[in-house]
Amino acid sequence: GFAAEFLIFVGAFSSKVIPNMPLYTILATISVVLTAGYILWMLQRVFYGPIKEEYNHVHDMDALEKCYSFALIIVIIAVGVYPALLTNIFNTGILPLVGLLK
């Protein structure tokens with residue numbers, strides 16, 4: 001989230017590796033702020049806007065769709081709580097490549 005972006009922008013702003021890096025960092029910061037504003041505006045229109053007549057016939061999820069959604073939510077929470085579920089799998093493919101770079 002925000003803390004990680006802030007640290008990245010502070011580090012990039014003070015970097016001397018690439019010429020004009022402070023200018024690029026300012027442009028990147030502006031684009032992140034505009035993107036966040038656009039996403040919030042879009043979410044407001046999607047979730048709090050008027051219901052269109054063409055979607056009045058759409059029904060809520062049935063039992064099978066709820067099972068799929070529940071399974072996906074469980075996987076998302078599991079990876080969020082214990083990310084080693086995925087990182088251990090990635091390491092088997094990445095570590096040989098990193099060994100080649102040394």
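**The nonpolar patch and its setting**

Guide: The protein has a radius of gyration of 22 Å, whereas a compact globule of 102 residues would have one near 13 Å. This is a predicted model, and the values that follow are computed from it. Along the principal axes, the C-alpha atoms fill a box of roughly 60 × 40 × 20 Å. There are 4 helices and 0 strands in the protein, and the pattern along the sequence is α-α-α-α.

Burial comes next. Of the 102 residues in the protein, 6% are buried. The protein exposes about 9300 Å², and 74% of that area comes from carbon and sulfur atoms.

Now to the patch itself. Ten names belong to this nonpolar patch on the surface: Ile73, Ile77, Val81, Tyr82, Leu85, Leu86, Ile89, Phe90, Ile94 and Val98. Together they have about 950 Å² of accessible area. Two helices, helix 3 (63-81) and helix 4 (84-101), each supply at least two residues of the patch. Helix 4 gives the most, with 6 residues.

Ile89 lies in helix 4. Is Ile89 buried or exposed? The cut-off for exposed is over 50% relative accessible area, and Ile89 has 55% relative accessibility, so Ile89 counts as exposed.

A residue from another helix gives a contrast. Thr25 sits in helix 2, which covers residues 21-48. The relative accessible area of Thr25 is 5%. Buried means under 20%, so Thr25 is buried. Which residues does Thr25 touch, leaving aside its neighbours within four places in sequence? Thr25 is in contact with Phe9, Ala12 and Phe13.

A search of the whole structure finds 1 aromatic pair. In that pair, the ring centres of Tyr38 and Trp41 are 5.8 Å apart and the ring planes meet at 40°, so the pair is tilted. Trp41 has a relative accessible area of 43%, so Trp41 is partly exposed.

To return to the patch: helix 3 and helix 4 each supply at least two of its residues, and Ile89 in helix 4 is an exposed member at 55% relative accessibility. Thr25 in helix 2, by contrast, is buried at 5%.

Methods. Residues are numbered from 1 along each chain as its sequence is written. This is a predicted model: local features need pLDDT of at least 70, side-chain atom pairs count only at pLDDT 80 or more; totals for chains, interfaces and linings use all residues. Side-chain values use heavy atoms; hydrogens and water are left out. Patches are made of residues with over 30% relative accessible area and no salt bridge: like charges are joined within 9 Å, nonpolar side chains (Val, Leu, Ile, Met, Phe, Trp, Tyr) within 5 Å. Accessible areas come from the Shrake-Rupley method with a 1.4 Å probe; for residues, only the protein chains shown count as cover. A salt bridge is a side-chain nitrogen of Lys or Arg within 4 Å of a carboxyl oxygen of Asp or Glu. Buried means under 20% relative accessible area, exposed over 50%, partly exposed in between (1.4 Å probe, protein chains only). Contact means heavy atoms within 4.5 Å. The radius of gyration is taken over C-alpha atoms; the globule rule is 2.2 Å times the number of residues to the power 0.38. Rings of Phe, Tyr and Trp (its six-membered ring) pair if their centres lie within 6.5 Å; planes under 30 degrees apart count as stacked, over 60 as edge-to-face and the rest as tilted.
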